[in-house]
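Could you walk me through how this fold is put together, sheet by sheet and helix by helix? I'd like something I can read with the model open beside me.

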Amino acid sequence: MPQPVTTINGTSKEVHRIIGHIKGEVPGPTVVFFGGIHGNEPAGVKALQHVFSEMEDGSAHFSGEFFGIAGNLSALPIDARFIDEDLNRIWFPHRMESLSSPKPSRSIEEKEMLSLHTLINQILETASPPFYFIDLHTTSGETEPFIVMNDSLLNRRFTRNFPLPSILGIEEYLTGALLSYINDLGYVAFGFESGQHGDIKAIVNAENFIWYTLGLTGYCPMPKQELKTLRMKLNKSRTPKRFFEIYYQYLIKEGEEFEMLPGFINFQTVPKGTTISMAQGASITTDKSRQLFMPLYQDKGYEGFYFIRSIPYFFLWLSKYLRKLRFDDFLALLPGVKWASAKKDALYVDKRIARFFAKSFFHLLGYRTREMDKTHLVLKNRERNSKATDYQKAPWQ
C-alpha cells in the first residue's frame, strides 16, 4: 500500500508517513521517533530526514530497528498546529475503539490518528522489544531543550541518562496525548522539546538527541567517548538536570481572548507581582515568585502557561520504593476508595476521602488525579502496566 505523502511548508521535499526505517542485521531494540505531530513544528521531521540520510547503507552496523514517523501530514504543508482538532489531544480509549467502525464524517486529525494507530500496531506486532517511543516537538516561546513525560519509574530510569531537565506530571493537565496512550501500553515513551519553532538550533538539537538516543539504547553501538561527546552536545542547558513537576495550568476557555505578554522564556523565575498575560482585557499577575513553563506564543492551543517546581531528590527516592513495595494496595482498603478495574491500574476515590490527602501523596505512589464527576476522582497509575522486564538487559540500565 502506498504511503501517505506531503511536503513541509516552504519546501518542495516530500515527507512520507514513514520518514525512514532501517533494520539492522542483528537483533536489538526498536526505537521509534515521531516528528510533526503538530504541523507547525517541522524541526523533528527535518532532523529525522537528516539522520536517515547520514545512515544510508549502514544497516550492517546497527542492532534492532529504527523508525522515523511523520505525524500530521495534513497540517505540515500549511504550517498549522492542526486543521480540525489537535492531533496530540485525541488519543482516548473510546476514540481508539471508534476507529474500527466506518465513520464518513471523521475529522482530518481522526484520519491521521487512524493511520498512525495502524502503523504503531504493526510495529508492535512485527518488531522486537524493548520498544522506545519518542515524540519530537518545539515550543512557541524561547526555550532550552528539555524532556516532558508521564510519571512512571520506567520513564524516569531511562531519561535520567540525558543531561536535561525533565518535567513530570503533564498527564494530569494534558489529556489525550499520543505518548500517554503508548505509556498506558507499558512502554518507554516521552517527549523531547528541542527549541523554539523556526529556530535552526532546534533541528540541530533534535539531531543530536536522536543520535544520542540511538547510541544509548544500543541500536547504534558507539565507543564510550563518542557517546560522551554526543552527551556534551546536549548538555548546554542553564537549567539544572533534575526533575520538575507541574502544579498549575492556566487553561484558556473557549472563546476567551488570551495574550501572553512578550519577553517571557521557558523555565524563567518570575518575581511576585509580575503581570505575565492578559485574559479578556484583565491582567494576570503572579501572587508570589513562580517558575514559568511553556508560555503560549501562538494562535492555536488552550494551555496558556504552567507553573513548575523542582522535586526534592528525597521524594523521588521515596516514591521509587513506595511504588516497588506496591504501597498503593493499602489505599483500596480505605472507605470511599476502590479499584476501577481488575487490572488495578486506576482507583475511584470519593472526594470526601481524597480531601484528607495532599495531591503530593498520590503523586508519590505514581497516581495522577483526574476529576470524573462532581463527587469522584479517578486516579491513574501506569506502574501496573509497565513492561519493565523487557528493558532489564538494556545497556543503559
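## Ground rules

This is a predicted model, where local features need pLDDT of at least 70, side-chain atom pairs count only at pLDDT 80 or more, and totals for chains, interfaces and linings use all residues. Numbering starts from 1 along each chain as its sequence is written, and side-chain values use heavy atoms, with hydrogens and water left out.

Helices (H or I, at least four residues) and strands (E, at least two) are DSSP runs numbered from the N terminus. Two strands pair if DSSP finds at least two bridges between them.

Strand 5 (residues 63-70) shows both kinds of pairing: it runs antiparallel to strand 3 (residues 18-23) over 5 bridges and parallel to strand 4 (residues 26-35) over 7 bridges.

How enclosed is strand 5 by the rest of the structure? Largely, because 8 of its 8 residues are buried, where buried means under 20% relative accessible area, exposed over 50%, and partly exposed in between (1.4 Å probe, protein chains only). Further along the sheet, strand 7 joins strand 8 (residues 166-168) in parallel through 3 bridges, with I147 opposite S166 in strand 8.

## Helix 6 and its partner

Helix 6 (residues 200-217) also meets helix 7 (residues 224-234): their axes come within 9 Å and cross at roughly 145 degrees. Those axes are lines fitted to C-alpha atoms, for helices over the stretch in contact, with angles from 0 to 180 degrees between N-to-C directions. On the helix 6 side the contact (heavy atoms within 4.5 Å) includes F209, W211 and Y212, and on the helix 7 side it includes L227, L230 and L234.

## The core

The largest nonpolar core has 77 residues, and F33, F66, W91, F133, F162, F209 and L214 have the most contacts inside it. Such a core is a set of buried Ala, Val, Leu, Ile, Met, Phe, Trp, Tyr and Cys residues joined through side-chain atoms within 4.5 Å. Helix 6 gives the largest share, 9 residues. Leaving out residues up to four places away in sequence, F209 touches F33, I134, L136, I147, F162, L164, F190, F192 and L234.

Strand 11 and strand 13 (residues 275-279) are joined by 3 bridges, and E259 stands opposite M278.

Is S152 buried or exposed? S152 counts as buried because its relative accessibility is 6%. S152 lies in the loop between strand 7 (146-149) and helix 4 (153-159) and touches R323 and E383, not counting residues up to four places away in sequence. M232, in helix 7, is exposed, with a relative accessible area of 55%. M232 and P163 are 69 residues apart in sequence and 8.1 Å apart in space, C-alpha to C-alpha.
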